[in-house]
Amino acid sequence: MQIPDTRGARSVILGALRASAPETPLPLPELRAYLDGPHGRGSVGPRVSPSTLAAPFETAARSWRAEVLHAGASDWPQAVRQALDRRGCQRVVIGAASPLQPELDAALASLQLRRFDQPLEQWKGELFDAVDASVTATAGGIADTGTLVLRPGTDEPRTLSLVPAVHIAVLRVSTLYASLPAALRALAPPGDLPSNLLLISGPSKTADIQQVLAYGAHGPKELVIVLVHDSAEDALS
Amino acid sequence: MTPASHTGAVTESTLNFVDPRRFKANTQAAVDDPHLRRSFRSAMDFLQAKRAAHFGDTAAFETLRGVGEAIRQYSLSRLPDLLERLEQRLTERGVQVHWASTPEQANDIFLALGRKHGAKGMIKGKSMVSEEIELNHRMAEHGIDCLESDMGEYIVQLAGERPSHIIMPAIHKTKQQIAELFAQKIPDTAYTDDVDALIAIGRRVLRNEFRDATVGVSGVNFMVAETGSLVLVENEGNGRMCTTVPEVHIAITGIEKVVERFEHVLPLFSLLTRSATGQAVTTYLNVINGPRRAGELDGPKEVHLILLDNGRSQAYRDADFRSTLQCIRCGACMNHCPVYSRIGGLAYGTTYPGPIGAIISPHLLGLEATKDLPTASSLCGACSEVCPVRIPIPELLMQLRRAAKHDAAPGRPPLAGQGSAKDWKEALAWKSWAWINERPRLYRWAVGIGHRLRWLTPPWQGGWTAHRLPMRLAPRGLRDRLPGRRHN
């Protein structure tokens, strides 16, 4: 069966819209009220100092039932390992070119470490059914909403933060932003969007049965954020 | 189905093919069902409270929704340009764009894509537009099974029903009903009404389906013309599964969902999640900028977008009705509607229920089938008060009521089904009323007769006396009771 040629429908639809579209479009909307508002902090003017954002980030992330662990610039791999051990996670997957290497390798040495190094379709069954946890880096975090920003790509595929039941995300304090628009302006400018940009706030959840909140609907049941206090300024405080 | 013989039947699969033409009968069945009334009342109270917790600061809400309204109105004012730009940018990113004027055309595209990839089934994320085209039904006719994977949609599909709310599709069901359904329909499943256990059962079944499906289907919350992005907002992760794991991802959405710039999505996202479920953000914001790129190890190899019109261009034609297309599908209008919260979503018999359903459905289905829906409102205005993009819903309801009863104004093209609620008896009554009102002497005389003959008033006055005392003229008219103003 041929894929239908829909150029006919296209010209009908666009023709109808053009015939009734206003002659002069409205002026570009003014976003200032949003950017200056409570959920736009730090998006206009200077960046809010990341070290002041660790505490609000933690509060917001916990409200989504993410676990937040604090670690130093050198001991974070141990924090990752402890989080895995506490849950009895043995089979762990990381990106083949994970930016967390090589530090992470040593800490996970005695576990069954699997690298995501072949196309998904070649080991789908294993990823879905024989992996306990994943560990990924993050592009940054949003303090206002306790949100992680992920830019999956060749180093860390998209499904790493989706399929395993436990997702451990390593977030550096130096990459914290105050608000959603501030973070996206810095981490995902329109000219540099990855094939899949993800904002993640807590583990997967649903309230579809009688409005009762249940975690682990389809994605990770648990999200652990290892917050790495990496900035010099932060280390002093 | 007669409502009287089916008390409580509104939650059963008998409502599978509810027809908006039978709206009044459906409504009766719904208000007679105490389970449904309880489910909706508690769900609406819950959602109203969650939303209110975020928008306690009225001034801040007004500011934010002013921005949301401006973005949607700007986008619509440039709609044809933005759609062309979107198509161009998506194509550059490797997304294949298809256009459909009608549900049939959209289904033909799905079918052709399914066959091309030898798909026996499709795994679906939440998409109201796919409900609009009856995708599941149409694909089943051709041997392709579509499986819903949003928990609420999955439950509703297992039960052979339709969603009763656009955000919480299974809102009308109790956990006990769901427990029975799972025990009955899912092999090797014992009865449990523990919500965590029920979700775990759904998770187990659906993960296998995500893993094995060739084609994933999703809706879209926002499209960005400048960047060629498809934005999906969700909590469960099934949307990410459907758009990430299968080799082919087919997205379908209405032509109105496009905005110009990525920064325009952010205030709308903020308004959407807070208005819908009272969340500052959802678990996931999934921004898809094309299929798997060279060197990437997952993500779909093909991404398709189907842009559906299905009557939207009719709404676009009229400067007033155009504001219907500002909608971002948060469901706040239904959560606050005194009619919806009493009859639930199924009674409407349309994909979109509640106030937004009453103003969009006439464009999608024509006024002939939907002429009763705009009357399902007390015009209290709660819907427009909470609408995050300020759609003047009561005004549009009034206009649609008028359009159902009258011909189009000269020089304006009629809506589909315009004038289909015309009733010659009603028209004659109004005409006579107008005629006699223009003749004061005759009017006074006739009213005088009326007062004297009030004892002849029939005790039975159709629908009015079903719930009320009969209407009767007073013994003396207003004029007689105001002696000082007797002669005007």
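Chain B of this predicted model is divided by the domain assignment into three parts. Domain 1 is built from two stretches, 3-49 and 319-405. Domain 2 covers 80-313, and domain 3 covers 424-485.

Take domains 1 and 2 of chain B as a pair. Their centres, taken over C-alpha atoms, are separated by 23 Å. On the domain 1 side, 26 residues are in contact with domain 2 of chain B. Domain 2 of chain B answers with 27 residues.

Which elements of chain B give two or more residues to the side of domain 1 that touches domain 2? They are α2 (34-54), α14 (332-335) and α16 (354-365). Helix α2(B) gives the most to this side, with six residues. By class, the domain 1 side of this contact in chain B has 15 nonpolar residues, ten polar residues and one charged residue.

Now turn to a helix pair in chain B. Helix α9 spans residues 175-185 and helix α10 spans residues 195-212. The two pack with their axes 11 Å apart, at an angle of about 40 degrees.

Six residues of the contact between α9(B) and α10(B) are nonpolar, one is charged and none is polar.

Terms used
Residues numbered from 1 in each chain as written. Chains lettered and ligands numbered in written order. Predicted model: local features only at pLDDT ≥ 70, side-chain atom pairs only at ≥ 80, totals over all residues. Axes fitted to C-alpha atoms, helices over the stretch in contact; angles between N-to-C directions. Helix = DSSP H or I, 4+ residues; strand = E, 2+ residues; numbered from the N terminus. Nonpolar A, V, L, I, M, F, W, Y, C, P; charged D, E, K, R; others polar. Domains from an automatic or database assignment. Contact = placed C-beta atoms within 7 Å.
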